[in-house]
Amino acid sequence: MPNKLFIAGHPFTIEQDVDNLDIDGQRARIDYKRLRILLNLQKKESVLSESFIHELLHSIDQIYLNNQIDDENIIEPFAEGIWQVLQQLGIQFDFTDIK
Ligand SMILES: [Zn+2]
């Protein structure tokens, strides 16, 4: 995975932020102001992959839907469902280049 991705036309940086995320017990977080998706790279790859999709859905909601969803009870099962299908297709994310 590159450390920079355009999401809905916005240049997001994918970074690791183990220290701050661990304090809150979070796996990942999105920072819209600084256009960053932060990942807790201490988590296992499958958890990170689902978390990445989760934050991706938040960003799409924010940019395309003006935050109409903004509900973890919707985002979470969507992320899980998408990740389950991607896994069956043999699609995996490689986080080795994320620093
Ligand atoms: Zn969320």
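Start with β2 and β4: select both strands and you will find them running parallel, joined by four bridges. Strands here are DSSP runs of E with at least two residues, helices are runs of H or I with at least four, and both are numbered from the N terminus. Two strands count as paired if DSSP finds at least two bridges between them.

Before moving on, two notes on what you are looking at. This is a predicted model, in which local features need pLDDT of at least 70 and side-chain atom pairs count only at pLDDT 80 or more, while totals for chains, interfaces and linings use all residues. Residues are numbered from 1 along each chain as its sequence is written.

**The sheet**

The four strands form an open sheet in the order β1-β2-β4-β3, with mixed pairing. At its edges are β1 and β3, each of which pairs on one side only. From one strand to the next, the twist averages 25°; axes are lines fitted to C-alpha atoms, for helices over the stretch in contact, and angles run from 0 to 180 degrees between N-to-C directions.

Select β1 with β2 (residues 10-16) next: these strands run antiparallel and are joined by four bridges. Lys-4 stands opposite Thr-13 in β2, and Ile-7 has His-10 in β2 as its bridge partner. Then click on Ala-8, in the hairpin of β1 and β2: two residues lie between the strands, and Ala-8 has a positive phi near 50°. For context, most residues other than glycine have a negative phi.

**The helix on the sheet**

Which residues make up helix α2? Select residues 45-64, a range that includes Glu-45. The helix has 20 residues and reaches 28 Å from its first C-alpha to its last, close to the 28 Å expected at 1.5 Å a residue; the expected span is 1.5 Å times one less than the number of residues.

Is Glu-45 buried or exposed? Glu-45 counts as exposed because it has 12 C-beta neighbours inside 10 Å. The cut-offs are these: a residue is buried if 20 or more other C-beta atoms lie within 10 Å of its own, exposed if 12 or fewer, and partly exposed in between, with C-beta atoms placed from the backbone.

**The core**

Select Ile-14, Ala-28, Ile-37, Leu-38, Leu-39, Phe-52 and Ile-53: of the 13 residues in the largest nonpolar core, these touch the most other members. Such a core is a set of buried Ala, Val, Leu, Ile, Met, Phe, Trp, Tyr and Cys residues joined through C-beta atoms within 7 Å. Each of β2, β4, α2 and α3 supplies at least two residues of this core, and α2 gives the most, with four.

Zoom in on Leu-38. Leaving aside neighbours within four places in sequence, Leu-38 is in contact with Glu-15, Asp-17, Leu-21, Ala-28, Arg-29 and Asp-31.

Follow the chain out of α2 to Asn-66, in the loop between α2 and α3. Phi of Asn-66 is near 55°, a positive value in a residue other than glycine, and Asn-66 counts as exposed because it has 9 C-beta neighbours inside 10 Å. Asp-70 lies in the loop between α2 and α3. Phi of Asp-70 is positive, near 35°, and Asp-70 is exposed, with 12 other C-beta atoms within 10 Å.

**Stepping back**

Finally, show the whole chain. Its secondary structure comes to three helices and four strands, running β-β-α-β-β-α-α from the N terminus on. The C-alpha atoms fill a box of roughly 30 × 30 × 25 Å, taken along the principal axes. Of the 99 residues, 21% count as buried.

Conventions:
Two residues are in contact if their C-beta atoms, placed from the backbone, lie within 7 Å.
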